[in-house]
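Let's take a walk through this protein together, moving from its strands to its packing and its rings. Keep the viewer open as you read.

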Amino acid sequence: MSMYLRFFYSLLFLSMFVSCKNDKKQISDAKSGATKWVDTLIYSDEVHFKSLKQITFGGDNAEAYWSFDDKQLVFQSNYKDWNVNCDQMFLMNADETFKDNMPPMVSTGKGRTTCAYFMPDNKHVIYASTHLDSDDCPEVPESISGKYIWPIYSSYDIFVADLEGNIVKQLTNEPGYDAEATVSPQGDKIVFTSDRSGDLELYTMNIDGSDVKQITFELGYDGGAFFSPDGTKLIFRSSRPKTEEEIKEYKDLLAQGLVQPTNMELYICNADGSDLRQLTNLGKANWSPFFHPSGEKILFSSNFESERGFPFNLYMIDLDGNNLERVTHSDTFDAFPVFSNDGKKLIFSSNRNNGGGRDTNLFIAEWKD
């Protein structure tokens, strides 16, 4: 999913950057005259954040997910200083920062990886990797006719690894793309995206890889799915082509192992695929959704208010599609929001505080409500 970042960077050259300064500064309270500390990583009107901490400082860092006990995080990065040429998976304690040191790698360092997620025992992670096909990073395709495209590598399969980086099990072994796996908070099911049917659909399986079931069946790219806190619902993004021209373009690209994920809306359904309905109808790219700890709202990233496709900010919306609220107020890029299991913290990826460069880093916010 972090292939999106390549598209975002191309748009950055068309946008002006506003970067933050130090983590905190002192200001004088106008009423009392007392001095207080202000978190300058938090932009104006970001009222849901009590504090904000930057935890990585270079490269493209994205899709960070909490362990079930909230003590650790797994994330993907292509930071060259960490001796990788494309996305690999890294592990960190939830209270660590990595500015001048390197976290331990939990993937093989071979091929390309995506979408790691903790297993319920807090001792293993799942992730997708292309390493069985080649030790090298797969080729990244160029844009087609100026349109941003995303490769759907047929060499992706889903694996289970321990926290020392040893693969202990392969969960998928079907021809084609198998990736974007996440685990139910109940610890019993995994949802993932596969093109084994000829289209990019959602599937579920038991935690051991058994009882695989297809749960979406409409034409379009269904992906990036997450379970609700009680495990009964799924939220995901979809590109759902409608017109003959859109359908032809989608099918032609998919036949080449490509998708164009710049026009997507959010969909919600029960964990078995029933009661499927469209949640957003905002236009442009609405993606990286995640359930609020209450299970009654969705946090997601979107550029629907952007004139030129940029910036991306975080928004929140009720499950009935009402009460849309903007959560972040960045001039660049905020995405991949993920709540801790106790609901007290939110981790997300952002271009803020990068000095106007291209780095995308991880930030942890204390969530007020």
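This is a predicted model: local features need pLDDT of at least 70, side-chain atom pairs count only at pLDDT 80 or more; totals for chains, interfaces and linings use all residues.

Residues are numbered from 1 along each chain as its sequence is written, and side-chain values use heavy atoms, with hydrogens and water left out.

Let's begin with the sheet. Four strands form an open, antiparallel sheet in the order β7-β8-β10-β11. Strands here are DSSP runs of E, at least two residues, numbered from the N terminus, and two of them pair if DSSP finds at least two bridges between them. At the edges sit β7 (113-118) and β11 (167-170), each pairing on one side only. Between β7 and β8 (residues 124-129) there are four bridges in the antiparallel sense; Thr114, for example, has Ala128 in β8 as its bridge partner.

Next comes the packing. The largest nonpolar core has 78 residues, and Ile126, Ile298 and Ile347 have the most contacts inside it. Such a core is a set of buried Ala, Val, Leu, Ile, Met, Phe, Trp, Tyr and Cys residues joined through side-chain atoms within 4.5 Å; buried means under 20% relative accessible area, exposed over 50%, and partly exposed in between (1.4 Å probe, protein chains only). Leaving aside neighbours within four places in sequence, Ile347 is in contact (heavy atoms within 4.5 Å) with residues including Ile55, Trp66, Leu73 and Phe363.

Asn83, not a glycine, has a positive phi of about 65°; its loop runs between β5 (72-77) and β6 (88-93). Because its relative accessibility is 67%, Asn83 counts as exposed. Asp211 also has a positive phi, about 55°, without being a glycine, and with 38% relative accessibility Asp211 counts as partly exposed.

Finally, the rings. The structure holds 24 aromatic pairs, where rings of Phe, Tyr and Trp (its six-membered ring) pair if their centres lie within 6.5 Å; planes under 30 degrees apart count as stacked, over 60 as edge-to-face and the rest as tilted. Phe75 and Trp82 are edge-to-face, at 6.2 Å centre to centre and 65° between the planes. The centres of Phe192 and Tyr203 are 5.7 Å apart with planes at 25°, so this pair is stacked. Both Phe192 and Tyr203 are buried.
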